[in-house]
Amino acid sequence: MRKYRQLTISALIAAILCILSPFSLPVFGIIPITLATLVIYLTVSVFEPKISVLSVCLYVLIGIIGLPVFSGFRGGIGAILSPTGGFILGYIPMTVISSLLLKINRVSYLWNIITMIISTLVLYSIGTLWFILLTDSSIKTAITVCILPFIIGDSIKILLSTVLTKIVKKRIIEI
């Protein structure tokens, strides 16, 4: 019974990612702001690592096979092979790292925030490196395009997910 519950929750979270992630706002360059990171922050804060990682892997796989679930309603291997594809692939290690770090302490709001910052830095690193490799950009250009425009938004998402975690956990327990 537990296995089916985990699979069902993972599929529902992947569906939420598929629904919310395509809606995006362009910032200053080609990398858009999406709600994917907010969903991931909340997922890893509420659910065990197995559910979180499975959900994000399923979302990435659904996009790779061609469904338009990535930002701007893109899908397929072309989205992964684009300069922004490293951010999509980076969701997986971001989820693994934050899930494992949150196993240490799921109670502390401060630890939750620290964990999300660490996992976001992992995402930024992977996405920025991928961007540099595919565009032959300088590190300065890549940081300007891939990191700086997102710091405020991701900080807000981290704080919002930290606040929402307690509410969502309470609702899940009631189900």
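Trainee: Threonine 37: buried or exposed?
Mentor: Threonine 37 is buried, because its relative accessible area is 6%. Buried means under 20% relative accessible area, with a 1.4 Å probe and protein chains only.

Trainee: Before I go on, what kind of model is this?
Mentor: This is a predicted model: local features need pLDDT of at least 70, side-chain atom pairs count only at pLDDT 80 or more, and totals for chains, interfaces and linings use all residues. Residues are numbered from 1 along each chain as its sequence is written, and side-chain values use heavy atoms, without hydrogens and water.

Trainee: Okay. Where does threonine 37 sit?
Mentor: In helix α2, residues 36-46. Helices here are DSSP runs of H or I with at least four residues, and strands are E runs of at least two, numbered from the N terminus.

Trainee: And which residues is threonine 37 in contact with, leaving aside neighbours within four places in sequence?
Mentor: Tyr91, Met94, Leu123, Asp154 and Lys157. Contact means heavy atoms within 4.5 Å.

Trainee: Which side chain makes a polar contact with threonine 37?
Mentor: That of lysine 157, at 2.9 Å. A polar contact is a pair of N or O atoms within 3.5 Å; within protein, one must be able to donate a hydrogen and the other to accept it, and residues adjacent in sequence count only if both atoms are side-chain atoms.

Trainee: New topic. Where does α5 bend?
Mentor: At tyrosine 91, by about 30 degrees. Proline 93 follows within four residues. The bend is the angle between axes fitted to the seven residues ending there and the seven starting there.

Trainee: Which residues of α5 are buried?
Mentor: Among them are Phe87, Tyr91 and Met94. The cover over the buried residues of α5 includes α2, α3, α4, α6 and α7.

Trainee: What about holes? How many cavities of 30 Å³ or more are there?
Mentor: One. The largest cavity has a volume of about 260 Å³. On a 1 Å grid over the protein atoms alone, a cavity is a set of points where a 1.4 Å probe fits but cannot get out; lining residues have an atom within 4 Å of a point. Points are joined across faces, edges and corners, and the volume is the space filled by probe spheres set on them.

Trainee: Which residues lie nearest the centre of the largest cavity?
Mentor: Ile31, Pro32, Thr34, Phe87 and Tyr91, out of 21 lining residues.

Trainee: Which helix gives the most to that lining?
Mentor: α5, with three residues.

How values were computed. Buried means under 20% relative accessible area, exposed over 50%, partly exposed in between (1.4 Å probe, protein chains only). On a 1 Å grid over the protein atoms alone, a cavity is a set of points where a 1.4 Å probe fits but cannot get out, and a pocket is an open set with protein on both sides within 12 Å along at least five of seven lines; lining residues have an atom within 4 Å of a point.
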